[in-house]
Amino acid sequence: MYQYTEFDRQFVHQRAAQFRDQLERWQKGRLHEDEFRPLRLQNGWYVQRYAPMLRVAVPYGELSSRQLRVLAKIAREYDEPEAEVYKKAIETQGLLGSHKLPTHYAHFSTRQNVQYNWIPLAKSADVMDLLASVDMHGIQTSGNCIRNITSDERAGIAIDEIADPRPYAEIMRQWSTLHPEFAFLPRKFKIAITGATEDRAATGWHDVGLHLVKHEAGDASQNIAPGDVGFRVQVGGGMGRTPIVGTVLREFLPWQQIMNYLEAVIRVYNRYGRRDNIYKARIKILVKAEGQRYIDDVDAEYKQILEHDGAPHTITQEEFDRVAASFVPPTLATRVVQSAEKTDAELRAQAADDVMFARWLARNVAPHKNPALRAVTLSFKRLKQAPGDASADQLDTLAQLADRFSAGEARVTHDQNVVLPWVHAEDLHALWLAARAAGFASANVHLLTDMIACPGGDFCALANARSIPIAEAITERYQDLDELDDLGEIDLHISGCINSCGHHHSGHIGILGVDKDGKEWYQVTLGGSDGSALSGTPQAGKAVGPSFSAAEVPGVIEAVLTAYRDTRESGENFIDTLRRVGHDPFKAAANGARFKVEEAA
């Protein structure tokens, strides 16, 4: 993973000191609330439904065991509200039926960040110092700026990788951090990058999605040789009230020019993006409204940057090599490496002895560029905890597993799980036993209960409805692994409001919380895609009809899945069946599961 330089460390510590000064001036009344608000937001501090929320940046999802232990310390010692605040929260949520508002937890988000829900602002500067001690921060995890840059959790190790995207992501991170021109954009701005043939980063759903590709034929007129690496550039993707898949502006842009081109893309957005209407302020609205004119303006700005500004952000080979050198491969434990044949035979024998281990191997273990290694997904989807939640003790255990089995490194995934990227194949059984003891070994990756869900109305001030109880009800209903395996791979995504933090638009089955006359209701969509190999071209799901009550939702999901079983062909996944037969049978099944109202006598 990326190794901080002395400059990086000095920068983060200085930022933490600046925040402490800002906090103290606010506490003493020398900074007005309106002045302090953008300063805390730019460091990741929100004020949510009941208490402050901290969002910690995890660039491209990489975490060291040392960082995990500090995250655990923050959860254990700081993620606790004042007694009166918590009492009020419990009383208020109790009116909705929520009796669990866990404290001393961290939450893995869909953008590979880590969030805390209860840290008092009075303790926020101490937390920032703790984060800085392990090269972490909350810079630009909020505000109308370029946010944390996300990537494929298998970056640098995937067998289908064209090029490692992490050095490019790091160059973009350094360029965008506190960028003076882009600190106050019309709206927040999100970039995702992948270097593999499969898109595991949902790039089409981002303000800018970057996909490393090879130019097979070459283009002499553009000085592009056969096999040169560059970027496919999509702009204007996003969910929310208006779900839009990004428009391809460049099928191939030489990698050296990606920063100059990004500068042009964001300059045009900064100049013309709506600032009069928060719902129309994202770049997707500008791209949709202006179409070719936006593309032409970006091309003109890009030309200006190249020909008149001196192409200041061109990535030289020397600069790329400097950054790439900071991605130090881990030092793996010294051992006598046995043959792949012997390891495979041992794994087959262990799988034959234990069906649960066999399932885990099939679901949670992925191949690695190094044939002796594997990438292993630890599931953070289980009963009694919200998707992506981890207690302080669980974070410490995760750090121990990373040290013992993965050279001290873990990675947060877009799906709110954690990957151990450096596991020796012969250690898989021992890892499974340790993960099972910790509660991380559910063999449900990519199955129905491996759902994405935002914190929803239990914590978020923007939410119209709760997400966590819906996720729990569905998870509780589908605990039979035989049934889950029979259903196959299904993306189920839940959002508590139209802001779509749970990415419901891209779910094969999406659930959106809505407010109806002050009560919680849920709209169900079908047929969404995040752009992965399973799901195909990114697209938004379609609503099956009017919204459902919370009590109806589990039955609606069951009815939809029954329709799938009744219409699928042998070996056919849910999304393929849906596309083959169309939405009508599924819509009919969903609407047939509505509760019938008895007529008055």
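Student: What volume does the second largest cavity have?

Tutor: The structure is a predicted model. A search of the whole of it finds 6 cavities of 30 Å³ or more. For the second largest cavity, the volume is about 60 Å³.

Student: How many charged residues are in the lining of the largest cavity?

Tutor: The largest cavity has a volume of about 100 Å³. Its lining is formed by Ala57, Pro59, His137, Ile139, Gln140, Ile146, Arg147, Asn148, Ile149, Arg173, Ser176 and Thr177. By class, 5 of these residues are nonpolar and 5 are polar, and the number of charged residues is 2.

Student: Which helix gives the most residues to the lining of the second largest pocket?

Tutor: This pocket holds about 540 Å³ of space. Its lining comprises 31 residues, with Glu153, Arg154, Asp415, Val445 and His446 nearest the centre. Two or more residues come from each of strand E11 (365-367), strand E17 (492-495) and helix H12 (355-364). The greatest contribution, 3 residues, is that of H12.

Student: How many residues of the lining of the second largest pocket are nonpolar?

Tutor: The lining of this pocket is made up of 31 residues. Of these, 11 are charged and 8 are polar, and the nonpolar residues number 12.

Student: Is H15 roughly parallel or oblique to H17?

Tutor: Helix H15 (residues 468-477) packs on helix H17 (residues 553-567) at about 50 degrees, with 9 Å between their axes. An angle under 35 degrees would count as roughly parallel, and 65 to 115 as roughly perpendicular. The angle therefore makes the relation of H15 to H17 oblique.

Student: Is the crossing of H15 and H17 left-handed or right-handed?

Tutor: H15 brings Ile470, Ala473, Ile474 and Arg477 to the contact, and H17 brings Val553, Pro554, Ile557 and Glu558. By class, 6 of the residues in this contact are nonpolar, none is polar and 2 are charged. The crossing of the two helices is right-handed.

Student: Is H8 oblique or roughly perpendicular to H9?

Tutor: Helix H8 (residues 283-290) and helix H9 (residues 292-307) have axes 5 Å apart and pack at about 110 degrees. The range from 65 to 115 degrees counts as roughly perpendicular. The orientation of H8 to H9 is therefore roughly perpendicular.

How values were computed
Residues are numbered from 1 along each chain as its sequence is written. This is a predicted model: local features need pLDDT of at least 70, side-chain atom pairs count only at pLDDT 80 or more; totals for chains, interfaces and linings use all residues. Side-chain values use heavy atoms; hydrogens and water are left out. On a 1 Å grid over the protein atoms alone, a cavity is a set of points where a 1.4 Å probe fits but cannot get out, and a pocket is an open set with protein on both sides within 12 Å along at least five of seven lines; lining residues have an atom within 4 Å of a point. Grid points are joined across faces, edges and corners, and a volume is the space filled by probe spheres set on the points. Ala, Val, Leu, Ile, Met, Phe, Trp, Tyr, Cys and Pro count as nonpolar, Asp, Glu, Lys and Arg as charged, and the others, Gly among them, as polar. Axes are lines fitted to C-alpha atoms, for helices over the stretch in contact, and angles run from 0 to 180 degrees between N-to-C directions. Helices (H or I, at least four residues) and strands (E, at least two) are DSSP runs, numbered from the N terminus. Angles under 35 degrees count as roughly parallel, over 145 as roughly antiparallel, 65 to 115 as roughly perpendicular and the rest as oblique. A crossing is left-handed if the near helix is turned anticlockwise from the far one by less than a right angle, and right-handed if clockwise. Contact means heavy atoms within 4.5 Å.
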